[in-house]
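Subject: Structure handover

Hello,

Here is the structure I said I would pass on. My notes on it follow below.

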Amino acid sequence: MVVCLAASSPFPIAAFAKNAAVCTAGTTLRLSAPQASQGSLLLIEVRSTKSLVEVQGEWGGRTVPIWQEAARERQRKGLLAVDLEKAPGEYELKLTGQTATGEKISCSAMVAVRKGLFATEKLQVGKEFVEPDPEQVKRANEERQKLRDIFDHVTPERLWDGNFRIPLDGVTTGSNFGKRRILNGNPGSPHSGVDLPGTTGTPVHAAQRGRVVLAEELFFAGNAVVGEHGLGIFTVYGHLFEIDAKVGDTVETGAVLGKVGATGRVTGPHLHWGLTVGRARVNPLLLVQLNSEPSTQAGRKRSGRRRTN
């Protein structure tokens, strides 16, 4: 059985007219919407009449992050992430697991992906970012592979705690996610993050608790920080004026990672904020909308910063 989430869900709610899920007895699968679009997120909820000890998910050839909220032993939540350039069509979501008494559980449902509606814009940037020399091409390719290796690593436990936040104080929205760009007259790749407005020197905060896995200058992204939040979830902060974190730091929500700048391929100061979930590039603003359970860990500081090398 597939049903919609409660009305308090931040995602669009629609009836599952033709979507059907097959689950083992005593198990139900809930999705926040019957279909998705390129670059979007769906919230998954699995419930069982018995305590669950293990649940895994797979969709479109990629692992679905699944976690337990507090002491809710009969429930699991997860994120279905649709990559920015995933081909439209129908893909099967598969969930498998085991109850505390050793019984196997499973659910499957078809989820349709629609083509995203993204604008196109023309920009003028430094010639080296459109027609890089061989040395710059080599550097960019090495950095791209380094990021792929980072995103391929999945920490099996959840590192975040509570709600994700927008990294700039006072900013409530961003722009340009998925935009197809014409750079100096040449077609460029789609914009994989959102641009958040900010003046040079504005503090950039960690969107959630996690571990810093990259903190360095990149050819295209300029001064950049990547935070890992566990279960294949990573946030990216680019074009920084300066970096105030280092690889290996464990940071709490709101910790200062750097300051807004205009480094790398930019036309002016702003923060590029990206999100990767199970290697899928999705709109990070959707993650902020997710409802999370309050932390059960008393006394944890959410705005401070702690380093662990």
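Where pLDDT is low, the predicted coordinates should not be read in detail. The average for the protein is 85, and 81% of the residues score at least 70.

This is a predicted model, in which local features need pLDDT of at least 70 and side-chain atom pairs count only at pLDDT 80 or more, while totals for chains, interfaces and linings use all residues. Residues are numbered from 1 along each chain as its sequence is written, and side-chain values use heavy atoms, with hydrogens and water left out.

Threonine 155 sits in the loop between α1 (134-152) and β13 (180-183); helices (H or I, at least four residues) and strands (E, at least two) are DSSP runs, numbered from the N terminus. Is threonine 155 buried or exposed? Its relative accessible area is 6%, so it counts as buried (under 20%; exposed is over 50%, partly exposed in between, with a 1.4 Å probe and protein chains only). Among the residues that threonine 155 touches beyond four places in sequence are Arg211, Glu228 and Gly230.

Strand β21 (residues 256-260) runs antiparallel to β16 (residues 203-205), with 3 bridges; two strands pair if DSSP finds at least two bridges between them. Histidine 205 stands opposite valine 256. β21 also pairs with β19 (residues 233-243), antiparallel over 3 bridges, and there isoleucine 243 has glycine 258 as its bridge partner.

Regards

Definitions and conventions. pLDDT is the predictor's confidence in each residue, from 0 to 100. Contact means heavy atoms within 4.5 Å.
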